[in-house]
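Hello,

Please find the structure below. My notes on what was found in it follow.

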Amino acid sequence: MTDRTKAARTIVEQFKQCDEDGDGSISRAEMSNLLQILDPDTFTEENLEVIMKGADKNGDGVLDFVEFVEWLASAPETPDKDEAEEVGDENEEIVEVMREDGEDEDEEE
């Protein structure tokens with residue numbers, strides 16, 4: 001297993017852990033729970049609001065998997081071209097891991 005595949009699996013697992021109700025998205029409450037565990041002093045309600053507005057690209061009030069990955073990959077500075085291509089490659093690998101994981105769950109049922 002490559003380092004990228006391991007990283008992709010880690011991100012998939014992080015998403016699943018944040019998605020407490022298993023509906024395939026991370027609600028504001030679920031994000032709040034995560035951030036409060038990480039650092040309650042830093043992640044105030046105001047900061048949570050800023051994070052959700054920035055990460056929720058389609059404005060539906062929840063983070064889907066792609067929005068979650070993009071939020072994790074975001075940085076304050078603009079990445080250079082090579083970094084942007086690398087993030088794109090990682091996103092493709094993450095999507096592949098999600099597909100494989102979904103197929104594994106279908107087989108278990």
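**Aromatic rings and core**

Phenylalanine 15 counts as buried because its relative accessibility is 4%, where buried means under 20% relative accessible area, exposed over 50% and partly exposed in between (1.4 Å probe, protein chains only). This is a predicted model, in which local features need pLDDT of at least 70 and side-chain atom pairs count only at pLDDT 80 or more, while totals for chains, interfaces and linings use all residues. Residues are numbered from 1 along each chain as its sequence is written, and side-chain values use heavy atoms, with hydrogens and water left out.

The chain has five helices and zero strands, where helices (H or I, at least four residues) and strands (E, at least two) are DSSP runs numbered from the N terminus. Of its 109 residues, 25% count as buried.

A pair of aromatic rings is described by the distance of the centres and the angle of the planes. Rings of Phe, Tyr and Trp (its six-membered ring) pair if their centres lie within 6.5 Å; planes under 30 degrees apart count as stacked, over 60 as edge-to-face and the rest as tilted. By this rule there are three aromatic pairs. One of them joins phenylalanine 15 to phenylalanine 65, edge-to-face, at 5.1 Å centre to centre with 85° between the planes. This pair links distant parts of the chain: phenylalanine 15 is in helix α1 (residues 3-18) and phenylalanine 65 in helix α4 (residues 65-73), 50 residues apart. Phenylalanine 65 has 10% relative accessibility, so this residue also counts as buried.

Another pair, phenylalanine 68 with tryptophan 71, is tilted, at 6.1 Å centre to centre and 40° between the planes. Both residues lie in helix α4, three residues apart, which is about one turn of the helix. Phenylalanine 68 is buried because its relative accessible area is 1%; tryptophan 71, at 21%, is partly exposed. Ring pairs link Phe15, Phe65, Phe68 and Trp71 into a cluster.

Regards
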